[in-house]
Amino acid sequence: MTTDSLNGALEVPELRMPRGATASPVRFAGILRSETIKLRSLRSTVWSYAILIAMSFALTAVLAATLASTMEGSLPAEAQTGIVMQVSSFPVALGQLVAAVLGVLFIAGEYGTGMIRSTFTAVPRRLPVLWAKALVLFVATFVVGLISTVGAYLIGSPFLSGSGIAAPLSHPDVLRAVIGGALYLALIAVFALGVGTVVRNSAGGISVVLGIILILPTVLQFIPAEWATNTVPYLISEAGLGALGLQSDNPALEPWQQLLVVLGWVGASLTAGAILMKRRDA
Amino acid sequence: MIEARNLTKTYGQKTAVNDITFTVRPGIVTGFLGPNGAGKSTTMRMIVGLDRPTAGRVTVNGRYYAAHTSPLSEVGALLDAKAVHTGRNAENHLLALAATARIPKRRVHEVIELTGLESVARKRVGGFSLGMGQRLGIAAALLGDPQTLILDEPINGLDPEGVRWVRSLVRGLAAEGRTVLLSSHLMSEMAVTADHLIVLGKGRVIADSPVADIIGGASLVSVRVRSPQASVLASTLASPDVTITHAEHDMLTVTGLDPRTIGDLAARGGIALHELTPISASLEEAYLQLTNDDVEYRTGASARNLEVSR
């Protein structure tokens with residue numbers, strides 16, 4: 001049939017939908033499915049997640065081996081737990097960069113290539129696309145984050161126990177590092193998605209997010225003014241890592257307040273993204 | 001049915017679409033014709049809600065595009081062959097779009113087959129030629145089996161076979177009773193594909209009528225006459241309603257008289273005729289005449305040519 005029509009035959013190909021297979025109204029479940037297909041059908045996404053897991057495992061092994069070799073004598077249980085937490089949540093340090101880049105690219109890649117016009121033609125109300133993207137990204141990054149942190153715990157434990165350092169995975173503080181670490185990565189990805197929606201440009205979006213996560217805390221610490229020092233705990237990365245129990249010497253905020261700070265950043269970036277996505281021409 | 005009423009779009013100081021009103025009816029192919037920058041693409045983007053009109057409104061089957069519960073089965077749009085993520089393969093691109101309306105997988109494979117993309121369906125779109133990109137865009141437009149099709153420059157980048165394929169496709173879609181709006185800056189293509197033309201220039205509708213009317217009505221039909229006594233013939237034919245151009249020593253171009261009258265007058269004066277050819281305006285000439293004052297980017301050379309042809 002195709003060859004015929006390519007040869008310019010005037011016979012009109014059958015264009016109708018197969019019987020009983022008409023298009024249905026657009027529902028959120030369909031948009032979620034669409035965004036899931038989009039996320040996993042890009043090589044860049046799949047590779048980024050794979051690299052996140054692989055690097056986490058490799059670097060955790062190195063860290064655990066180094067720690068184990070420098071530890072002498074028996075440590076109190078609390079200190080042991082602290083070391084296990086540090087090792088288990090080690091993937092977060094590197095992972096937040098990957099999560100940030102992925103979050104920006106998930107939307108800015110569509111703006112950059114023009115794909116967004118196809119997306120908005122299929123879902124002209126637009127905002128469900130952003131919510132679906134946020135949810136898909138959150139779940140995927142959380143799962144990958146959890147694989148990384150649990151993996152880090154499992155890889156690190158044998159090294160550490162050789163030096164007499166151990167804490168069970170079921171220990172509340174270890175669980176907090178493992179689950180909290182994955183949660184933090186997922187929230188960073190969604191935060192980056194919001195920024196990407198505002199900026200609509202991959203390079204620009206990545207710069208903004210990495211600037212906020214990495215550079216802003218350092219810059220503020222170097223400013224010799226009280227307001228700068230006071231602002232630091234309210235930065236997304238400071239609050240996020242604090243909530244994991246990794247910066248115990250941070251008395252400014254309680255862990256639940258730190259979680260709220262992170263959620264606040266995520267909410268603000270998504271809200272700004274949503275307003276602009278709805279308003280601007282695509 | 002697409003209805004635009006007083007549709008206007010401005011970008012800062014620049015008015016891309018200026019208060020246009022038109023209706024695209026089902027069952028025929030409507031051509032959207034105009035030079036680059038005339039506002040064709042902007043208008044099409046407004047139809048599917050990608051750009052928000054500054055004023056006025058445009059509806060598809062009586063509703064704003066965004067108000068339709070199943071937009072892909074309402075309107076299929078090829079707006080830009082590049083509206084695809086270059087890192088994704090063609091099949092996944094279509095599957096992702098199809099998922100929003102729960103269009104089954106077999107329909108995705110159907111449109112892939114229909115547009116001749118089987119061999120490249122698993123290849124990344126980044127490596128596609130312009131023509132393959134157009135086919136993918138058309139495949140996406142057909143996914144939801146829509147009643148209305150909007151195709152912006154669909155033959156851009158297609159080889160001659162592809163051009164003929166698109167032509168028979170859109171004619172077939174219109175014959176099934178669908179609404180088809182097709183834009184092009186190629187007048188020759190419109191002459192054979194479209195039934196009705198909406199001609200845009202500088203953001204305004206400068207003609208909205210059947211193709212035949214535009215060809216027939218836009219330009220005066222002239223007659224080319226050759227005679228060894230051209231000057232004598234010119235004075236014989238001269239009258240206030242008749243325009244005669246004496247281009248070459250033995251050739252006249254006469255406007256305002258039909259070939260029969262010219263022949264009769266020549267015979268009466270005993271003047272020999274070597275040629276008597278009626279010249280009908282092509283759509284291209286008609287189009288150039290219509291858009292003469294509305295071409296936004298005109299090179300010096302073509303400006304001079306237009307002056308001469310006037």
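Which residues in α4(A) meet which residues in α8(A)? In this predicted model, A:Thr81, A:Val84, A:Met85 and A:Ser88 of α4(A) come together with A:Asp173, A:Val174, A:Ala177 and A:Val178 of α8(A). By class, this contact of α4(A) with α8(A) comprises five nonpolar residues, two polar residues and one charged residue. An α-helix has 3.6 residues a turn, so residues three or four places apart point the same way. Helix α4 of chain A spans residues 77–88 and helix α8 of chain A spans residues 172–199, and the two pack with axes 9 Å apart at an angle of about 15°. An angle under 35 degrees counts as roughly parallel, and α4(A) and α8(A) are therefore roughly parallel to each other. The crossing in which α4(A) passes α8(A) is right-handed.

Of the 282 residues of chain A, 45% count as buried. Among the contacts in chain A with a separation of 6 or more, 81% are accounted for by residues 24 or more positions apart.Chain B is built from both kinds of element, with 12 helices and 13 strands. Buried residues make up 47% of the 310 residues in chain B. For contacts in chain B with a separation of 6 or more, residues 24 or more positions apart account for 69%. Chain B is divided into domain 1, covering 2–209, and domain 2, covering 220–279. The C-alpha centres of these two domains of chain B lie 47 Å apart.

The two chains also meet each other. Their contact takes 43 residues from chain A and 48 residues from chain B. On the side of chain A that touches chain B, at least two residues each are supplied by α1 (2–6), α2, α3 (43–70), α5 (90–113) and α6 (115–122) of chain A. That side of chain A has 20 nonpolar, 15 polar and eight charged residues.

One helix pair between the chains can be described in detail. Helix α2 of chain A (residues 28–40) packs with helix α3 of chain B (residues 90–100) at an angle of about 165°, and their axes are 7 Å apart. That angle makes α2(A) roughly antiparallel to α3(B), as angles over 145 degrees are counted in this way. The crossing of α2(A) and α3(B) is left-handed. From α2(A), the contact is made by A:Gly30, A:Ile31, A:Arg33, A:Ser34, A:Ile37 and A:Lys38, and from α3(B) by B:Asn92, B:Leu95, B:Ala96, B:Ala99 and B:Thr100. Sorted by class, the contact of α2(A) with α3(B) has five nonpolar, four polar and two charged residues.

Within chain B, helix α1 (residues 40–47) gives a clear picture of burial. Eight of the eight residues of α1(B) are buried, so this helix is largely enclosed by the rest of the structure. The buried residues are B:Lys40, B:Ser41, B:Thr42, B:Thr43, B:Met44, B:Arg45, B:Met46 and B:Ile47. Just after α1(B), B:Gly49 adopts a positive phi of about 75°.

Two serines of chain B illustrate how the burial classes are assigned. B:Ser227 is placed in the loop between β10 (222–226) and α9 (230–237) of chain B. With 20 other C-beta atoms within 10 Å, B:Ser227 is buried, since the class begins at 20 or more such atoms. Leaving aside neighbours within four places in sequence, B:Ser227 is in contact with B:Leu233, B:Asp250, B:Ile271, B:Ala272, B:Leu273 and B:His274. B:Leu142 is 85 residues from B:Ser227 in sequence, and the C-alpha atoms of the two are 57 Å apart in space.

The other serine, B:Ser168, lies in helix α6 (residues 160–175) of chain B. B:Ser168 has 19 C-beta neighbours inside 10 Å and therefore counts as partly exposed. Between B:Ser168 and B:Pro210, which are 42 residues apart along the chain, the C-alpha atoms are separated by 19 Å.

Notes. Residues numbered from 1 in each chain as written. Chains lettered and ligands numbered in written order. Predicted model: local features only at pLDDT ≥ 70, side-chain atom pairs only at ≥ 80, totals over all residues. Axes fitted to C-alpha atoms, helices over the stretch in contact; angles between N-to-C directions. Helix = DSSP H or I, 4+ residues; strand = E, 2+ residues; numbered from the N terminus. Parallel < 35°, antiparallel > 145°, perpendicular 65-115°, else oblique. Left-handed = near helix turned anticlockwise from the far one by under 90°. Contact = placed C-beta atoms within 7 Å. Nonpolar A, V, L, I, M, F, W, Y, C, P; charged D, E, K, R; others polar. Buried ≥ 20, exposed ≤ 12 C-beta atoms within 10 Å, placed from the backbone. Domains from an automatic or database assignment.
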